[in-house]
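Here is a short report on one protein chain. It starts with the overall fold and then turns to single elements and residues.

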Amino acid sequence: MILPIRAYGDPVLKKVAQDIEPGHPGLEQLIADMFETMYAASGVGLAAPQVGHSIRLFVVDASPFAEDEDGKPTEEAHLKDFKKVFINPYIVEEEGEEWPFEEGCLSIPGIREEVKRQPRIVLQYQDERFVEHEEAFEGFAARVIQHEHDHLDGVLFTDHLPPLRRRMLQGRLRDISRGKTDVKYTMRFTPAK
């Protein structure tokens with residue numbers, strides 16, 4: 001089932017999400033719905049708070065980075081099968097010189113801004129069977145994970161922008177929170193106060 005994506009201004013997007021335990025009610029269906037919702041919105045990652053659940057869960061499928069517009073393999077061809085579920089994830093290491101990339105967010109449609117992030121991370125997480133993992137990620141995989149991990153800490157990519165740039169975006173962000181946006185996927189709006 002495609003779920004409405006919470007828009008900028010929804011309080012759930014600014015909350016620190018809670019860990020979950022095995023047997024969390026409806027988890028398997030929620031994961032399936034999150035993948036369906038992410039694909040319907042042409043996203044590469046979706047965090048549970050973006051669909052109204054303040055729990056530490058996100059899904060990614062970074063395979064679109066593996067091919068260019070003509071379907072040819074890119075430098076990120078290794079992401080072809082990078083489809084994962086991350087439960088109770090925590091970044092335990094970040095390293096390397098920050099690199100810029102223009103990020104967007106399904107909760108903030110129509111706005112893309114350059115965000116600097118470190119290129120390598122180590123993440124502790126559980127998979128959908130609650131098996132523990134500690135794994136290193138680099139490049140775009142690390143960036144997608146950092147972006148989604150931020151959602152679980154109540155941080156949006158706009159929070160990484162310089163103060164002046166954030167002020168310049170205030171009007172557009174207010175419009176999004178009020179539903180004044182043109183998106184092709186279902187959203188739920190809660191005007192920011």
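## Fold

Along the sequence, the order of elements is β-α-β-β-β-β-β-β-β-α-α-β. That makes 3 helices and 9 strands. The radius of gyration is 16 Å, close to the 16 Å that the globule rule gives for 193 residues, so the protein is as compact as a globular protein of that length. The model is predicted.

The C-alpha trace spans about 40 × 40 × 35 Å along its principal axes. Among contacts with a separation of 6 or more, 67% join residues 24 or more positions apart.

## Surface and charge

Of the 193 residues, 46% count as buried.

The protein carries 24 positive and 35 negative charges.

## Helix α1 and the residue after it

Helix α1 covers residues 27-40, 14 residues in all. From first C-alpha to last, α1 reaches 20 Å. This is close to the 20 Å expected at 1.5 Å a residue. The buried residues of α1 are L27, L30, I31, D33, M34, F35, T37 and M38. An aspartate, D33, is one of them. The cover over these residues includes four strands: β1 (5-6), β2 (45-47), β3 (57-61) and β4 (83-95).

S42 follows α1. It sits in the loop between α1 and β2. The phi of S42 is positive, about 60°, although S42 is not a glycine. Is S42 buried or exposed? Its relative accessibility is 69%, so S42 counts as exposed, given that exposed means over 50%.

## Helix α2

Helix α2 runs over residues 139-152. Its 14 residues should span 20 Å at 1.5 Å a residue, and the end C-alpha atoms are 20 Å apart, which agrees.

How many residues of α2 are buried? The count is 14 of 14, and α2 is mostly covered. G154 follows α2, with a positive phi near 75°.

F130 lies in the loop between β7 (120-126) and β8 (132-138). Its phi is positive, about 65°, and F130 is not a glycine. F130 has a relative accessibility of 14%, so it counts as buried; the cut-off for buried is under 20%.

R178 lies in the loop between α3 (163-177) and β9. At 48% relative accessibility, R178 counts as partly exposed. R178 and K72 are 106 residues apart in sequence. Their C-alpha atoms are 40 Å apart in space.

## Strand β6: E113

E113 is in strand β6, residues 108-117. Its relative accessible area is 11%, so this glutamate is buried. Which residues does E113 contact, leaving aside neighbours within four places in sequence? They are F101, E102, E103, F157, L161, R165 and L169.

One of these partners is E103. E113 and E103 are 10 residues apart along the chain, and their C-alpha atoms are separated by 5.5 Å.

## Strand β9: M187

M187 is found in strand β9, residues 187-188. With 11% relative accessibility, M187 counts as buried. Leaving aside neighbours within four places in sequence, M187 is in contact with P4, I5, R6, A7, L106, S107 and P109.

M187 and F82 give a pair set apart in both sequence and space. They are 105 residues apart along the chain and 26 Å apart, C-alpha to C-alpha.

Technical notes:
Residues are numbered from 1 along each chain as its sequence is written. This is a predicted model: local features need pLDDT of at least 70, side-chain atom pairs count only at pLDDT 80 or more; totals for chains, interfaces and linings use all residues. Side-chain values use heavy atoms; hydrogens and water are left out. Helices (H or I, at least four residues) and strands (E, at least two) are DSSP runs, numbered from the N terminus. The radius of gyration is taken over C-alpha atoms; the globule rule is 2.2 Å times the number of residues to the power 0.38. Buried means under 20% relative accessible area, exposed over 50%, partly exposed in between (1.4 Å probe, protein chains only). Contact means heavy atoms within 4.5 Å. Lys and Arg count as positive and Asp and Glu as negative; His and the chain ends are not counted. The place of a charge is taken as NZ of Lys, CZ of Arg, CG of Asp or CD of Glu. The expected span of a helix is 1.5 Å times one less than its number of residues.
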